[in-house]
Amino acid sequence: MIIDGKDYFSAEKFEKRSPVDTDVVLGVFQKGTAKDAEAALKAARKAFPVWSHMKWEDRVALIHKADEIWNRRLYEIAAVMAMETGKNRMESLGDVSEMSALMQWYCQVMSDNKGFSVEMGRDPLSGFTSTNRSVLRPYGVWVVISPFNFPAALSGGPGSAALVAGNTLVLKPASDTPWTARLFVECLREAGVPNGVANYVTGPGSTMGQALIDSPEVDGITFTGSYDVGMQIHRSFAQREYIHPVLLELGGKNAAIVTKHANLDDAAVGIMRSAFGLQGQKCSACSRILVEESVYDEFVAKLLAQTEKIVVGDPVDRSVYMGPVINKKAYQDYQTYVDELRKDGKVLTGGKVLKDGAFGKGYFVAPTLVELPLGHRLWKFEMFEPISTLGKFKTLDEALEIANSVKYGLTAGVYGNDEEVKAFYDKVEAGVTYANRPQGSTTGAWPGFQPFGGWKGSGSSGKNAGGLYYLQFFMHEQIWNNVKHD
């Protein structure tokens with residue numbers, strides 16, 4: 001771990017093994033405890049006065065310097081990520097690059113707004129001069145608990161936003177992906193960010209994570225992960241003495257709608273990419289596919305052709321699109337879901353684990369498409385696997401009603417004509433929406449032009465990461481009123 005700028009060791013350790021080959025130990029990490037969490041929070045609290053009172057221009061300069069170091073190590077970090085997560089080469093490089101873009105974006109937003117200090121109107125007081133200034137100021141100690149699937153962008157993204165805003169940071173990555181997050185904090189340390197400003201801790205969510213959530217030393221928290229855990233954090237913070245900011249980015253059950261007016265080739269490739277990129281383990285993955293009856297058979301044939309071209313294997317191999325799922329539980333859950341889907345639906349392709357040859361030591365499974373009755377529970381349950389369900393609709397209104405019928409509202413996509421796209425934008429309940437996109441039906445996002453966030457049970461802030469309004473979440477407003485006699 002890194003606490004107060006120094007390498008920090010706990011009594012117990014855990015091994016991180018590669019999901020590609022479980023004989024390969026990628027590293028030995030610290031199994032942190034509540035005591036270690038307390039040490040990190042104490043270091044962050046101690047560092048806050050100096051960091052928060054540093055000129056915002058100087059904070060921005062240090063984050064830019066860390067970004068330069070990160071970019072020099074881009075290929076090394078992407079290789080670490082591919083081995084650690086099972087993410088293919090292209091997506092690993094994309095994740096590392098996105099984190100850099102997020103760091104740059106939050107620095108730009110702070111600079112464009114001149115540190116968020118704005119002179120406001122004067123009070124109409126006779127005989128007095130009354131000036132007013134609105135200032136956004138940091139909260140204090142900010143915790144980021146990041147997920148396994150985007151270990152760079154979802155660690156360094158909110159982490160750098162918290163830091164640019166003037167908060168100090170305690171970062172706890174998922175235990176499945178502890179290595180990439182450490183490299184982010186190493187870059188901050190090498191850039192000269194003062195000791196205690198950015199701390200990195202590891203350990204189980206049930207101990208280390210819970211200690212961070214429960215601590216009164218935490219002034220704000222960002223959590224990216226499951227709906228259930230996120231809602232537990234939300235309810236836990238609601239029991240505090242007063243309100244604290246809780247920024248939650250949770251799950252998704254994202255639908256792609258294909259109408260009879262769609263370019264079916266674009267739809268097939270876009271849906272395949274979003275359904276099976278990172279083995280379906282994205283909160284934005286396309287897990288529901290709704291197709292107008294009159295083009296259903298033609299479209300399904302095209303989608304099957306695209307899906308059956310997918311190369312599964314070691315993600316560091318250039319030809320591979322799909323690596324393994326993240327861990328043994330995901331591997332077992334896949335088999336459980338497939339058993340249920342075979343019983344209640346029709347598996348069109350996939351539906352099996354891969355064990356032969358090089359697959360034998362990893363968590364490899366086949367990309368899976370299933371025809372399933374629309375009333376089935378798995379139309380609404382986030383599996384987080386390379387499994388997508390297909391169903392038919394008669395009208396666009398019916399498709400939108402199905403798309404909106406879940407508790408999530410993260411992403412959604414449509415393939416159709418201009419009139420259908422307009423209706424989709426107007427009625428769909430999701431934070432990020434895509435139309436006629438071959439690059440991905442429900443996945444994408446990039447800082448500065450395609451911000452990412454969810455509605456309903458997919459997010460708490462209503463403001464998308466990498467967008468115009470996200471950085472402000474890490475600060476609260478103070479008004480300076482000054483009255484002088486004329």
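The lining of the largest pocket comprises 19 nonpolar, 15 polar and 9 charged residues, where Ala, Val, Leu, Ile, Met, Phe, Trp, Tyr, Cys and Pro count as nonpolar, Asp, Glu, Lys and Arg as charged, and the others, Gly among them, as polar. The model is a predicted one, in which local features need pLDDT of at least 70 and side-chain atom pairs count only at pLDDT 80 or more, while totals for chains, interfaces and linings use all residues. Residues are numbered from 1 along each chain as its sequence is written, and side-chain values use heavy atoms, with hydrogens and water left out.

A pocket is an open set of points on a 1 Å grid over the protein atoms alone, where a 1.4 Å probe fits, with protein on both sides within 12 Å along at least five of seven lines, and its lining residues have an atom within 4 Å of a point. Of its 43 lining residues, Phe148, Gly225, Ser226, Val229 and Phe384 are the closest to the centre. Helix H8 (227–238) is among the elements that give two or more residues to this lining, and H8 gives the most, with 6 residues; helices (H or I, at least four residues) are DSSP runs numbered from the N terminus.

The second largest pocket holds about 770 Å³ of space. Among its 32 lining residues, Glu98, Phe150, Lys282, Gly444 and Ala445 lie nearest the centre, and H4 gives the most to the lining, with 7 residues.

Terms used:
Grid points are joined across faces, edges and corners, and a volume is the space filled by probe spheres set on the points.
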